[in-house]
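Please look over the sequence and the structure shown below.

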Amino acid sequence: MAQVTLKGNPVPLEGNIPKPGDKAPDFRVAKQDLGDLTLKDLAGKVKILVAVPSLDTAVCALETKKFNEKAAKENGITTLIISGDLPFAMKRFCTTEGIDSENLITGSQFKDFSFSKNYGTHIAAGPLAGLSARAVFVVDKDDIIRYTELVPEIGSEPNYDTVLAEAKKLV
């Protein structure tokens, strides 16, 4: 079980973080239209899977906007932002922020925690219990994880340049 921090305080996570070379675990999230999205629905695509606690926080909002600016404009790369927000809130966020890309998808864990539990980012205890820690996974067209970044401090951003460079290698 991994651990991250929130403002320097330890936050325990449930599950194990998959490593590069591992088969990407399946998951189910709710899209903005409340339909389900699974890993299988993204088969044959290079994927950047971005786990954030909530788009209603400054760092998560900034991270989503940066991935929209950087990764969603890359041909051949699909970016999926996964949070604990309701699909309605995610849709409102995307509309307000001008995020309307078929290459950047939002997915909610409000019905199913399989993403955060299968990817080892599920916050097990404390004030954010039930949400996901901040992490990024780059997954190739064959659903093999090629890059993993568990951000050690929940309030910090991931390394966008490294994530994008790793994804571009796979296109």
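Strand β2 and strand β8 (residues 122–123) run antiparallel and are joined by two bridges. Within this pair, Glu14 stands opposite His122 of β8. Two strands are taken as paired if DSSP finds at least two bridges between them; helices (H or I, at least four residues) and strands (E, at least two) are DSSP runs, numbered from the N terminus. The model is a predicted one, in which local features need pLDDT of at least 70 and side-chain atom pairs count only at pLDDT 80 or more, while totals for chains, interfaces and linings use all residues. Residues are numbered from 1 along each chain as its sequence is written, and side-chain values use heavy atoms, with hydrogens and water left out.

Strand β2 (residues 9–14) also runs antiparallel to strand β1 (residues 3–6), to which four bridges join it. One of the residues concerned is Gln3, whose bridge partner in β2 is Pro12. The two strands β1 and β2 form a hairpin with two residues between them. Lys7, in the loop between β1 and β2, has a phi near 55 degrees, a positive value in a residue other than glycine. Most residues other than glycine have a negative phi. Lys7 is exposed, because its relative accessible area is 74% (exposed means over 50%, buried under 20%, and partly exposed in between, with a 1.4 Å probe and protein chains only).

Met1 belongs to the segment before β1 and counts as exposed, at 69% relative accessibility. Not counting residues up to four places away in sequence, Met1 touches Leu13, Glu14, Gly15 and Asn16, where contact means heavy atoms within 4.5 Å. The C-alpha atoms of Met1 and Ile123 are separated by 10 Å, although the two residues are 122 residues apart along the chain.

Ile123 is also among the contacts of Ser132, together with Ala51, Val52, Pro53, Gln109, Ser116 and Thr121, when neighbours within four places in sequence are left aside. Ser132 is found in the loop between β8 and β9 (135–139), and its relative accessible area of 1% makes it buried. Its side chain and that of Thr121 are joined by a polar contact of 2.8 Å. Such a contact is a pair of N or O atoms within 3.5 Å; within protein, one must be able to donate a hydrogen and the other to accept it, and residues adjacent in sequence count only if both atoms are side-chain atoms.

Which residues of helix α2 are buried? In α2 (residues 87–97) they are Pro87, Met90, Phe93 and Cys94. These residues lie on the same side of α2, because they cover an arc of only 120 degrees around the axis, an arc taken from the directions from the helix axis to the C-beta atoms. The covering of these buried residues includes β3 (28–30), α1 (58–70), β6 (77–83) and β7 (104–108). On the face turned away from the buried side, α2 carries the exposed residues Phe88, Arg92, Thr95 and Thr96. Gly98, with a positive phi near 75 degrees, follows the helix.

The largest pocket is lined by residues including Lys31, Asp33, Lys91, Cys94, Thr95, Leu104 and Thr106. The elements that give two or more residues to this lining are α2 and β7.

Note on methods:
1 Å grid on protein atoms, 1.4 Å probe; cavity = no way out; pocket = protein on both sides within 12 Å on 5 of 7 lines; lining within 4 Å.
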